[in-house]
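Dear colleague,

Please find below the sequence and the structure that I am handing over to you. My findings follow directly after them.

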Amino acid sequence: MSTLELAANRSTDAQLGEHLSACDASFTPPLSRRVAIGDYAAKLAARAHRCEAWAGNQLVGVVAIYLNDDTGYISNVSVLPAWHGHRIASTLLAEALTAA
């Protein structure tokens, strides 16, 4: 496994869509049964604050949040299956709490 780099709002909607599609089966029920992944990725890219984990040019983890005046909402937590077990989600959630 490569070294991870944390970033905020670096991904494009296409990169988010690729990531979410790769994580689709990890959601219960699968994400694609609830949303059009491309549309959801575009919405996250345009409107959400995203805490991201990157391995080189590969987006391996995302926590997407919406921040209102006094409330935050977590919209997405996803990590590529090959990267499960590396505490990526908990690290990104901590980053999101800092941003909120």
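Which residues are exposed on the other side of helix 3? They are Leu97 and Thr98. Please bear in mind throughout that this is a predicted model; the values quoted in this message are computed from it.

Four strands form an open sheet in the order 1-2-3-4, with antiparallel pairing. Strand 1 and strand 4 are the edge strands, each of them pairing on one side only. From one strand to the next, the twist averages 15°.

Taking the pairs in turn, strand 1 and strand 2 are joined in the antiparallel sense over 4 bridges. Here Ala7 stands opposite Glu52 of strand 2. Strand 2 (residues 49-55) is in turn connected to strand 3 by 7 bridges, and these two strands run antiparallel. In this pair, Trp54 faces Leu59 of strand 3. Strand 2 and strand 3 form a hairpin with 2 residues between the strands, in which Gly56 adopts a positive phi near 65°.

Strand 3 is also linked to strand 4 (residues 72-79), again by 7 bridges and in an antiparallel arrangement. The hairpin formed by strand 3 and strand 4 has 4 residues between them.

How many of the 10 residues of strand 3 (residues 58-67) are buried? The number is 8, so this strand is largely enclosed by the rest of the structure.

The helices

Helix 1 lies across strand 2, strand 3 and strand 4, and it runs at about 105° to strand 3.

Helix 2 (residues 37-47) has Ile37, Tyr40, Ala41 and Leu44 among its buried residues. These cover an arc of only 100° around the axis, which puts them on the same side of helix 2. Asp39, Ala46 and Arg47 are exposed, on the face of helix 2 turned away from its buried side.

Helix 3 consists of 12 residues and spans 17 Å from its first C-alpha to its last, which is close to the 16 Å expected at 1.5 Å a residue. Its buried residues are Ile88, Leu92 and Ala96. Viewed down the axis of helix 3, these buried residues fall within an arc of 70°, so they line one face of the helix. They pack against strand 1, strand 2, strand 3 and strand 4. Leu97 and Thr98, to return to the opening question, are exposed on the other side of helix 3.

Two individual residues

Thr91 belongs to helix 3 (residues 88-99). The side chain of Thr91 reaches the backbone oxygen of Arg87 at 2.8 Å. Thr91 and Val63 are 28 residues apart along the chain, and their C-alpha atoms are separated by 9.6 Å.

Ser11 is located in the loop between strand 1 (5-8) and helix 1 (13-23). With a relative accessibility of 5%, Ser11 counts as buried, because buried means under 20%. Which side chain makes a polar contact with the side chain of Ser11? The partner is the side chain of Glu52, at 2.5 Å. Glu52 is also the residue that Ala7 stands opposite in the pairing described above. If neighbours within four places in sequence are left aside, Ser11 is in contact with Leu16, Arg50, Glu52, Trp54 and Leu59. Of these, Trp54 and Leu59 have already been mentioned as standing opposite each other.

With kind regards

Conventions. Residues numbered from 1 in each chain as written. Predicted model: local features only at pLDDT ≥ 70, side-chain atom pairs only at ≥ 80, totals over all residues. Heavy atoms only, no water. Polar contact = N/O pair within 3.5 Å; in protein donor to acceptor, adjacent residues only side chain to side chain. Buried < 20%, exposed > 50% of the residue type's maximum accessible area, 1.4 Å probe, protein only. Pairing = 2+ DSSP bridges. Contact = heavy atoms within 4.5 Å. Expected span 1.5 Å × (residues − 1). Arc of directions from axis to C-beta. Axes fitted to C-alpha atoms, helices over the stretch in contact; angles between N-to-C directions.
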